[in-house]
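Thanks, everyone, for making the time this morning. I would like to talk through the charged side-chain pairs in one model.

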Amino acid sequence: MRTRLFKIISSVVLTVMLLVCTSCVSRPPAVKPGSAYVFTSFHDADQKFLRFLYSFDGYHWTNVPGTFLEANVGTSKQFRDPSIVRGPDGTFRLVWTAGWHGDQGFGYASSKDLIHWSEQKFVPVMTNEPTTVNVWAPELFYDGQGKQFIILWASTIPGRFPDKLEKHDNNHRLYFTTTRDFETFTPAKLFFEPGFSVIDGFVLRDGKKFVLLNKDNSRPDLNLRVAFAKSPLGPWENVSEPFTQKFTEGPCALKVRDDWLIYFDAYREKIYGAVKTRDFKTFTDVTKEVSVPPGHKHGTAIEVPREILENLLTANAH
């Protein structure tokens with residue numbers, strides 16, 4: 001009875017929030033009726049739990065109360081950089097960084113409702129490269145044409161590429177695997193080699209082209225760039241100049257009306273920033289227009305049915 005009451009109250013609150021947004025000329029709701037935006041999150045303070053934010057306009061984000069998954073795989077049972085995608089069967093797939101150094105794979109779990117999760121798995125994707133130092137920030141992309149999931153991440157294989165100004169054990173490139181069922185995975189291969197240390201890849205489709213957001217992790221830069229391809233597996237070309245300031249990372253993108261919003265962690269400032277673009281050539285800083293709760297770190301923003309959000313908001317009600 002109490003849970004049902006919380007659900008009714010939650011639904012009323014969400015309706016009121018939508019009405020308030022609708023009456024706001026400057027930022028009306030951008031999400032389709034019956035939907036909401038959800039952003040996966042973790043906090044530096046614990047690095048153990050999956051958290052969520054939600055929004056109706058893509059600019060103003062609010063915490064979903066509570067936590068929804070406690071990591072229990074990997075040598076350190078760490079939880080960072082949660083990336084999520086909803087497959088064609090309606091199942092949410094989640095991957096995350098399971099360890100800082102030493103682990104040669106990532107964590108994985110699935111859910112139908114973002115509340116109840118499958119048994120967690122550790123996916124050892126870099127065991128074919130035994131000197132691999134790490135597997136960081138795995139990112140999911142569903143390839144509709146190939147009917148497969150692409151998972152990309154950053155790894156350092158010492159000596160594989162010229163170190164330049166990078167430490168021998170901190171010179172990253174992006175690698176990938178594919179899967180259709182999260183039971184079998186193709187052998188890891190090189191995904192992106194731009195000639196500099198690179199981490200935090202995020203793939204999106206914009207019309208007929210594919211865009212790769214990435215962090216130039218080389219010592220002089222430490223900022224975000226984009227590259228382009230005709231396929232979600234590359235080859236990636238026309239690497240852009242940086243479009244963010246130094247000390248930014250963890251990009252993800254969400255289509256809001258005609259704009260792509262690219263969110264990123266400005267980790268020295270300890271804030272979440274954002275730019276908007278329509279062509280991935282011209283970028284407008286909208287950080288001052290975006291509000292993200294303190295403590296939010298590297299995640300993925302997606303659109304979900306409103307019922308999913310309503311249930312999330314009542315899941316931890318007591």
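What follows is a short walk through its salt bridges.

A word on the basis before the pairs: this is a predicted model, in which local features need pLDDT of at least 70 and side-chain atom pairs count only at pLDDT 80 or more, while totals for chains, interfaces and linings use all residues. Residues are numbered from 1 along each chain as its sequence is written, and side-chain values use heavy atoms, with hydrogens and water left out.

If we take a salt bridge to be a side-chain nitrogen of Lys or Arg within 4 Å of a carboxyl oxygen of Asp or Glu, the count comes to 15.

Let me begin with Glu183 and Lys121, whose closest N and O atoms are 2.8 Å apart. This pair links distant parts of the chain, 62 residues apart, with Glu183 in the loop between strand 11 and strand 12 and Lys121 in strand 8; strands here are DSSP runs of E, at least two residues, numbered from the N terminus. Glu183 counts as exposed at 55% relative accessibility, whereas Lys121, at 30%, is partly exposed; the cut-offs are under 20% relative accessible area for buried, over 50% for exposed, and partly exposed in between, with a 1.4 Å probe and protein chains only.

And what of burial for Arg225 and Asp216, buried or exposed? Their salt bridge has its closest N and O atoms 3.0 Å apart, and both partners count as buried, Arg225 at 11% and Asp216 at 1%.

Methods: Helices (H or I, at least four residues) and strands (E, at least two) are DSSP runs, numbered from the N terminus.
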